[in-house]
Amino acid sequence: MELGMVGLGRMGGNMTTRLVRGGHRVVGQARRKELIDQAVANGAVGAATVAELVKALKPPRVVWLMLPAGDPTESTLAELHGLLSPGDLLVDGGNSYYKDTIRHAAEAARKGLRFVDVGTSGGIWGLREGYSMMVGGAMDDVEKLRPALETLAPGKSLGWGRVGGPGAGHFVKMVHNGIEYGLMESYAEGFAILDAKKEYGLDLAEIARIWQKGSVVRSWLLDLAADALKDREALAHIAPFVSDSGEGRWTVTESLDLNVAAPVIMLALERRIRSRESDPLVEKLLSAMRQEFGGHAIKTE
């Protein structure tokens, strides 16, 4: 099939390459010329602007966005509304908030456009391993995308599926990322406990290797942890600053709205936020209060 890919960052660029290798014609557009050049070198057709991308596609068009949530997606969708024709299909493969996605689908419908949201997981490994895709939208629209989805997935019937109507794909991906927060935190805490047992001199990389085969905690995230633990010197130079891109926050908010307890995901999110405090007031106040009521000693910097 033929489609346009707006956003050729690491994931969008790799998805474009996988699609081209699968025999699809892809027109790629990005703000940075070097990303367009790279896509062209990998077999795509380059477009300097969104308008140029639309012009290079035959109606009915399929335009797939791989952009950050928020303004980049909002502004590009608004631009595309003025360029596309009724019957054209918009696909948001980024990590938009699902309530925004529901609004985007409704706005597209008012313009006579079709809309599908694809929660996409796989990161930089997706080019080789394939992507897990949680798809939301009308059945007919998802079916139109089937050739591309089957090419991007680990297998034609593996790792992807329609999970519901507009917004459902991004909702499921949001919860997927919340689970990811909890898993990552658990692995990190476990290895920290092992590392603190100094009398055993435990080799964390070797333990991770043992767990990778046969263990009930084996997973791709464990594989990534094992790779990181092989070079403790490099790990020591990484600042203890953990970012979050929003999905964990949205998952926690949703859990509160639905009255579903999610303490692990909530605490994992709080740990990430805590890691970014360069001058933590909490512990300073705790120490000061202990000194006030009990005369406990405090440490000064």
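Let's start with Asp37, which is partly exposed at a relative accessible area of 37%. Buried here means under 20% relative accessible area and exposed means over 50%, with partly exposed in between (1.4 Å probe, protein chains only). Asp37 pairs up with Lys33 in a salt bridge, and their closest N and O atoms are 2.8 Å apart. For a salt bridge, a side-chain nitrogen of Lys or Arg has to sit within 4 Å of a carboxyl oxygen of Asp or Glu. Lys33 is exposed, with a relative accessible area of 56%. Both partners belong to helix α2 (residues 33-41), four residues apart, or about one turn of the helix.

A word on the ground rules: this is a predicted model, so local features need pLDDT of at least 70 and side-chain atom pairs count only at pLDDT 80 or more, while totals for chains, interfaces and linings use all residues. Residues are numbered from 1 along each chain as its sequence is written, and side-chain values use heavy atoms, leaving out hydrogens and water.

## The protein as a whole

The protein has 14 helices and eight strands. Both kinds of element are DSSP runs numbered from the N terminus: helices are H or I with at least four residues, strands are E with at least two. Along the principal axes, the C-alpha atoms fill a box of roughly 75 × 40 × 35 Å.

Of the 301 residues, 41% count as buried. Look at contacts (heavy atoms within 4.5 Å) between residues at least 6 apart in sequence, and 66% of them join residues at least 24 apart.

A search of the whole structure turns up 22 salt bridges. In one of them, the side chains of Arg61 and Asp88 come together at 2.8 Å, N to O. This pair ties together distant parts of the chain, 27 residues apart: Arg61 is in the loop between α3 (50-55) and β4 (62-65), and Asp88 is in the loop between α4 (71-81) and β5 (89-92). Arg61 and Asp88 are both buried.

Lys197 and Glu199 make another salt bridge, at 3.0 Å from N to O. Lys197 is partly exposed, with a relative accessible area of 38%, whereas Glu199 counts as exposed at 58%. There is also a network of salt bridges that links Glu74, Asp100, Arg103 and Glu107.

Lys173 sits in helix α8 (residues 168-196). Lysine 173 is buried yet has no salt bridge: the nearest side chain of opposite charge, Glu247, is 4.7 Å away. For charges, Lys and Arg count as positive and Asp and Glu as negative, with His and the chain ends not counted. Beyond its neighbours within four places in sequence, Lys173 is in contact with Asn95, Gly119, Thr120, Ser121 and Met134.

The largest share, three residues, comes from α8. By type, the lining divides into two nonpolar, three polar and two charged residues. Ala, Val, Leu, Ile, Met, Phe, Trp, Tyr, Cys and Pro count as nonpolar, Asp, Glu, Lys and Arg as charged, and the others, Gly among them, as polar.

The volume of this cavity is about 30 Å³. Rolling a probe the size of a water molecule over the atoms shows where empty space is left. The search uses a 1 Å grid over the protein atoms alone: in a cavity a 1.4 Å probe fits but cannot get out, a pocket is an open set of points with protein on both sides within 12 Å along at least five of seven lines, and lining residues have an atom within 4 Å of a point. Grid points are joined across faces, edges and corners, and a volume is the space filled by probe spheres set on the points.

## The second largest pocket

About 210 Å³ of space lies in the second largest pocket. Its lining is made up of Pro280, Glu283, Lys284, Ser287, Ala288, Ile298, Lys299, Thr300 and Glu301. These split into three nonpolar, two polar and four charged residues.

Met1 lies in the segment before β1 (2-6), and is partly exposed, with a relative accessible area of 29%. Although Met1 and Arg146 are 145 residues apart along the chain, their C-alpha atoms are separated by 9.5 Å. Not counting residues up to four places away, Met1 touches His24, Arg25, Val62, Lys144, Leu145, Pro147 and Ala148.

Glu150 is part of helix α7 (residues 139-152).
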